[in-house]
Amino acid sequence: MGSLDWINGEIKAMKEAGRFVPIKVLQGPQGAWVRIDGRDYLNMCSNNYLGLANHPEVKKAAIQAIEDYGVGAGAVRSIAGTNEIDAKLEEKVARFKHMEASIVYQGGLLANTGTIPALVGKGDTVFSEELNHASIIDGVRLSAAQRTVYKHMDMSDLKALLSGSGTSGKKLIITDGVFSMDGDIAPVPEIVELSQRYGAISYVDDAHGEGVLGDHGRGIADHFNVADRIDIEMGTFSKAIGSMGGFVAGPEYLIEFLKRKARPFLFSSGLNPGDAAAVLKSIEIMERDDSLLKKLWENSQYLKKRLTEAGFNLGNSKTPITPVMICDEKLTVNLSEELYSSERVFASPIVYPTVPAGTARIRLMPSAVHSKKDLDFAVEAFERVGRRIGILKRN
Ligand SMILES: Cc1ncc(COP(=O)(O)O)c(C=O)c1O
């Protein structure tokens, strides 16, 4: 017996439970259609909301930055120095978010796992939303602060937990802005109010709000008009903004503090210049023109209407995130496989542990670069397969 043999047992169990999903290899850029194994598939599962991942101006900016600055940061920014593109990007993000300053990390996950432990530790309490993203959960674990989970969207539960929490230690209330697997929106104004009443720090992860909510896609704080009252806004560049990296925006002193305390900033090299330049260009495009944002919403409303009419359950989404709730894991995997193999629709199954057991779904992500014809193609494929495998009633 080798010391890693147990892994094969785990893989077998995952396969039996329908939780071992093969990862597709793409042979070209992200877009409405993607090429896999030499065939084109309708792409319904990317977070490339605005189509910026393959935007000509964004690619040009990245290529130019590689010409000017090369492909690597060299080392961590506090040791090898910060590239001027990173500095420009931090200024740009702060202005875009109506915040004083920002710090750029190498990803959204690192923004959360780096920032949370810098803010709270032993003796402090984190009030964390039940459906928060894994990167928040990991950030809280790394912090060693006590974690108190409040029920999804339930402000009376949060209030009761806050009022019973005593006065010692710092308090941090942390929530996803838009819930990534469900598409519903956290009641941020109430959260901000509770945080002020109970002397807690408010922290909102806007990964799925950027480029989607607010004026020109500025995100959830702008959507609710609370940018001047949220303490910390965190976000990612890997979804609507089309590239990679993450950030935290807030008061200048917080950002200066994080640059001396956050471990992904201190112990991991900075973004590549091409990525930073791509993000800068994407934000510039979003600022000057909101036609992509409008198209995204138009497309998502159309997709939801057609799927609902077809008889699918789309949960409680208020954003373009479109979860087609199947619940049974094997049926969800089966639906996804059939869509892929017989309909050329790429729509990944989302199963435990990404979502709670028994709530499996296919999460459809319409984007600004889908056409109506693409969305009709997806809905008709769902209807055909849905009937064939017994999710929809046969006519
Ligand atoms: C709510 C939320 N936070 C953070 C992240 C992590 O972002 P990134 O992919 O940039 O690491 C994600 C991405 O899945 C997310 O959905």
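**Briefing: loops, helices and a ligand site**

Asn 225 sits in the loop that runs between H9 and strand S8 (232-236). Asn 225 isn't a glycine, yet its phi is positive, at about 55 degrees. Keep in mind that this is a predicted model.

**Around the ligand**
- There are 14 residues around the ligand, and the ones that come nearest are Gly 108, Leu 109, Asp 205, Thr 236 and Lys 239.
- Gly 108 uses its backbone here: one of its N or O atoms is 2.8 Å from a ligand oxygen atom.
- Thr 236 brings in its side chain, with a polar atom 2.6 Å from an oxygen atom of the ligand.
- Lys 239 also has a polar side-chain atom by a ligand oxygen atom, at 2.9 Å.
- On its own the ligand would expose 400 Å², and the protein buries 81% of that.

**Helix H13**
- H13 covers residues 291-310, which makes 20 residues. From first C-alpha to last it reaches 29 Å, close to the 28 Å you'd expect at 1.5 Å a residue.
- Its buried residues are Leu 293, Leu 296, Asn 299, Ser 300, Leu 303, Lys 304, Arg 306, Leu 307 and Ala 310.
- Look down the axis of H13 and those buried residues fall within an arc of 170 degrees, so they line one face of the helix.
- As background, an α-helix has 3.6 residues a turn, so residues three or four places apart point the same way.
- Over on the other side of H13, you'll find Lys 294, Gln 301, Lys 305 and Glu 309 exposed.
- The cover over the buried residues of H13 includes strand S10 (322-327), strand S13 (360-364) and helix H15 (372-388).

**Helix H6**
- In H6 (residues 134-143), the buried residues are Ser 135, Ile 136, Ile 137, Gly 139, Val 140 and Ser 143.
- Just past H6, Ala 144 takes a positive phi of about 70 degrees.

- Ala 360 lies in strand S13, and at 0% relative accessibility it counts as buried.
- Leaving out residues up to four places away in sequence, Ala 360 touches Met 325, Ile 326, Cys 327, Asp 328, Glu 329, Thr 332, Ile 350, Val 351 and Val 355.
- Ala 360 and Tyr 69 are 291 residues apart in sequence, and their C-alpha atoms are 44 Å apart in space.
- Glu 343 belongs to helix H14 (residues 329-343). Its relative accessible area is 10%, under the 20% cut-off, so Glu 343 counts as buried.
- Beyond its neighbours within four places in sequence, Glu 343 is in contact with Glu 338, Phe 377, Ala 381, Arg 384, Val 385 and Arg 388.

- The peptide bond from Tyr 352 to Pro 353 is cis, and its omega is near 10 degrees. Pro 353 is in the loop between strand S12 (349-350) and S13.
- His 216, in the loop between S7 and helix H9 (220-224), has a positive phi of about 55 degrees although it is not a glycine.
- Back to Asn 225: is this residue buried or exposed? Its relative accessibility is 65%, so Asn 225 counts as exposed.

Note on methods. Residues are numbered from 1 along each chain as its sequence is written. This is a predicted model: local features need pLDDT of at least 70, side-chain atom pairs count only at pLDDT 80 or more; totals for chains, interfaces and linings use all residues. Side-chain values use heavy atoms; hydrogens and water are left out. Helices (H or I, at least four residues) and strands (E, at least two) are DSSP runs, numbered from the N terminus. The expected span of a helix is 1.5 Å times one less than its number of residues. Buried means under 20% relative accessible area, exposed over 50%, partly exposed in between (1.4 Å probe, protein chains only). The arc is that of the directions from the helix axis to the C-beta atoms. Contact means heavy atoms within 4.5 Å. A residue is near a molecule or strand if one of its heavy atoms lies within 4 Å of it. A polar contact is a pair of N or O atoms within 3.5 Å; within protein, one must be able to donate a hydrogen and the other to accept it, and residues adjacent in sequence count only if both atoms are side-chain atoms. Accessible areas come from the Shrake-Rupley method with a 1.4 Å probe; for residues, only the protein chains shown count as cover.
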